[in-house]
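Please look through the sequence and the model shown below before reading on. The report then moves from the chain as a whole to a few selected details.

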Amino acid sequence: MMRRSAVGLDGRGVGSVATMRGWLRRRRRGANGPVVGPIRGERPAARAAGASERDVEMMERALELARRAAERGEVPVGAVVYETRTGEVFGEAGNDREATGDPSGHAEHRAIVRACERLGDWRLNHATLAVTLEPCAMCAGLIVNARVGRVVYGADDPKAGATRSLYRLLEDRRLNHRVRPVRGVLAAESAALLRTFFRERRRAARGAARGAERGAAREPATGEP
């Protein structure tokens, strides 16, 4: 049976589920285009559970970092590490693996390292990580080792996600640090950005392949008769 009430992104009740849907649509409406619908199968109320207004603001900041990464030809993922209580930003980054040739160049990996460098401390118990895509196994391991206090992410990653989709490393009781991630914050926007990036990349690859085929067809034969 569907619950009669829903919880807003700031943790306060917002009335009926229908009201929640309208609230989320207004929240997602931007100046650059139409509303992006929720990911198929997700309930709007579930997307808001455990997230605050500050979490949403930081996810919007992470999305902007992801857009900048896409402009550089990187997979569009962005991340921000901030103090949970005050919202002070300690570190932020977008993916930079292509530019650096570094396989660890994931947005959340970079943001965590920068936060620790700024603070002069490897412990981030008092901080929250907001990242647009579910962390992979490498980044989940870093989250545990850095003792990140909270994790908020946007879109699930069914191919590599290690906090919910494939594994639940952040909640493994065998580890000495555990954190329950808050998922689905601005998930539709995060997923749409990724879909657009990969669609354009596939389109460019097909165009390049067709151009190569046409060039080969125009080349004269050079073999002996």
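Among contacts in the chain between residues at least 6 apart in sequence, what percentage join residues at least 24 apart? In this model, which is predicted, the share of such contacts that join residues at least 24 apart is 58%.

**The chain as a whole**

Four of the strands can be followed together, for they make up an open sheet of 4 strands in the order β4-β3-β5-β6, with mixed pairing. Its edge strands are β4, residues 89–94, and β6, residues 150–155, each of which pairs on one side only. On average, and with direction ignored, neighbouring strands of this sheet are turned by 10° against each other. Helix α5, which covers residues 107–119, packs on the sheet and touches β3, β4 and β5 (127–133), and the direction of this helix makes about 150° with that of β4.

Within the sheet, strand β3 (residues 78–83) is joined to β4 by 5 bridges, and these two strands run antiparallel. To see one such link in the model, the reader can find V81, whose bridge partner in β4 is G91.

| Residue | Relative accessible area | Class |
|---|---|---|
| D172 | 17% | buried |
| F197 | 11% | buried |
| F198 | 28% | partly exposed |

D172 is found in the loop between β6 and α7, the helix of residues 187–218. D172 counts as buried because its relative accessible area of 17% falls under the 20% cut-off. The side chain of D172 also makes a polar contact with the side chain of R174, at 2.7 Å.

How many aromatic pairs does the structure hold? There is 1 aromatic pair, and it is formed by F197 and F198 in an edge-to-face arrangement, with 5.2 Å from centre to centre and 80° between the planes. Within this pair, F197 is buried at 11% relative accessibility, whereas F198, with a relative accessible area of 28%, is partly exposed.

Definitions and conventions. Residues numbered from 1 in each chain as written. Predicted model: local features only at pLDDT ≥ 70, side-chain atom pairs only at ≥ 80, totals over all residues. Heavy atoms only, no water. Pairing = 2+ DSSP bridges. Axes fitted to C-alpha atoms, helices over the stretch in contact; angles between N-to-C directions. Contact = heavy atoms within 4.5 Å. Buried < 20%, exposed > 50% of the residue type's maximum accessible area, 1.4 Å probe, protein only. Polar contact = N/O pair within 3.5 Å; in protein donor to acceptor, adjacent residues only side chain to side chain. Phe/Tyr/Trp six-rings, centres within 6.5 Å; stacked < 30°, edge-to-face > 60°.
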